[in-house]
Amino acid sequence: MLYFKRIASVCALGAACAFSTAVPAQTDAKAQAMTIVVPYGAGGIVDNTARAFAQKLAVELGRPVVVENRGGAGGMIGMNTVARAHDENTLGFTAVSPVTLSPHVMKTLYDPLKDLAPMASVMYSPVYLVGGPKFTGKTFKDMLDQAKADPGGLSLATAGVGSLGHLMLEQINGQAAVRITHVPYKGMAQMVPDALGGQFTLMLVNASGPVNALIDEGKLKLLAVGSPARLPGRPDAPTLAELGYPMANMTSTFGFFAPASTSPAFRARMNALINKVAAMPDISKPLTDALNIMSPATVEQFTAQVQKEYEDNGRIVKQANIRSE
């Protein structure tokens with residue numbers, strides 16, 4: 001667990017992660033490696049979690065498991081790699097937005113529902129709306145007041161065009177009739193140090209240990225959360241729904257996907273292994289300590305969730321008139 005926490009604290013602040021392969025000591029060196037594609041840069045909650053799972057899955061499978069970062073286009077570059085793999089040695093671990101949201105905003109080289117197969121849900125993560133040192137207010141209301149007084153003057157970073165954060169921002173802009181400038185990134189890892197450096201005013205970021213620590217230290221200001229209810233660890237932070245923005249009150253779901261060409265038997269076997277790993281205390285505790293919620297599911301349950309989110313997001317994107325920037 002200490003190993004995983006060290007990774008999270010370093011990588012989530014944008015430091016380079018030089019390691020990428022988890023190999024058990026007794027693995028046959030000739031065994032073909034399994035690759036977990038992370039469609040974002042190194043560091044951040046998706047990358048850190050994938051690497052923790054890779055170590056455990058390598059032991060369970062008895063062969064190397066490699067994590068490969070392929071960031072860009074809101075996660076769609078990496079997920080296209082998974083969709084085109086056509087084998088059982090390539091998986092993707094991602095927030096579901098490159099499958100359920102981004103394709104409604106940008107053109108894709110894959111059909112998200114036909115070329116990718118949902119395999120295992122791992123968790124969902126609250127989304128924090130935080131102000132950096134550049135933000136002079138203290139509350140969500142202060143943010144709106146400043147946005148109304150200075151249209152376009154506030155800037156807000158998200159994990160990219162077509163990301164969940166982008167959708168949440170557009171919901172706030174539209175409902176409040178304000179214009180907060182969108183600053184898209186290729187993932188969340190670099191957002192945190194850039195926020196501390198004053199590169200933008202606000203950001204929408206997933207809950208994590210390092211972000212929680214920065215909030216506790218007063219370096220980031222938590223204005224609101226996207227969550228079904230107030231978080232036990234952050235009882236003073238209102239949900240966006242409480243503040244009158246139910247359509248913006250969203251969370252990030254994270255899970256494993258396989259190429260659609262993989263067999264149902266393979267997906268069922270990997271679903272069982274992933275659920276087993278997710279239940280291990282040294283995997284689940286660092287995630288839940290950071291206020292993430294573990295959400296194990298069957299292949300069928302996760303597939304139904306992805307289908308529903310895809311349909312719901314399509315309607316929201318159309319209503320909000322969100323387009324690629």
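1. Setting aside neighbours within four places in sequence, Phe140 touches Leu129, Ile172, Leu223, Ala224, Leu240, Leu243 and Tyr245, contact meaning heavy atoms within 4.5 Å. The model is predicted, with local features needing pLDDT of at least 70 and side-chain atom pairs pLDDT 80 or more, while totals for chains, interfaces and linings use all residues. Residues are numbered from 1 along each chain as its sequence is written, and side-chain values use heavy atoms, without hydrogens or water.

2. Phe140, Met143 and Ile180 have the most contacts inside the largest nonpolar core, which has 44 residues. Such a core is a set of buried Ala, Val, Leu, Ile, Met, Phe, Trp, Tyr and Cys residues joined through side-chain atoms within 4.5 Å; buried means under 20% relative accessible area (1.4 Å probe, protein chains only).

3. Elements supplying at least two residues each to this core include α5 (140-149), β5 (116-131) and α11 (299-320). Helices (H or I, at least four residues) and strands (E, at least two) are DSSP runs, numbered from the N terminus. The most comes from α6, with six residues.

4. Another core, of 34 residues, lies apart from the largest one; Ala58, Met119, Ala258 and Met280 are among its members.

5. The lining of the largest cavity comprises ten residues, with Gly44, Ile45, Met188, Val205 and Ser208 nearest its centre. Both α2 (44-61) and β8 (202-206) give two or more residues to this lining. A cavity is a set of points on a 1 Å grid over the protein atoms alone where a 1.4 Å probe fits but cannot get out, and lining residues have an atom within 4 Å of a point.

Methods: On a 1 Å grid over the protein atoms alone, a cavity is a set of points where a 1.4 Å probe fits but cannot get out, and a pocket is an open set with protein on both sides within 12 Å along at least five of seven lines; lining residues have an atom within 4 Å of a point. Buried means under 20% relative accessible area, exposed over 50%, partly exposed in between (1.4 Å probe, protein chains only).
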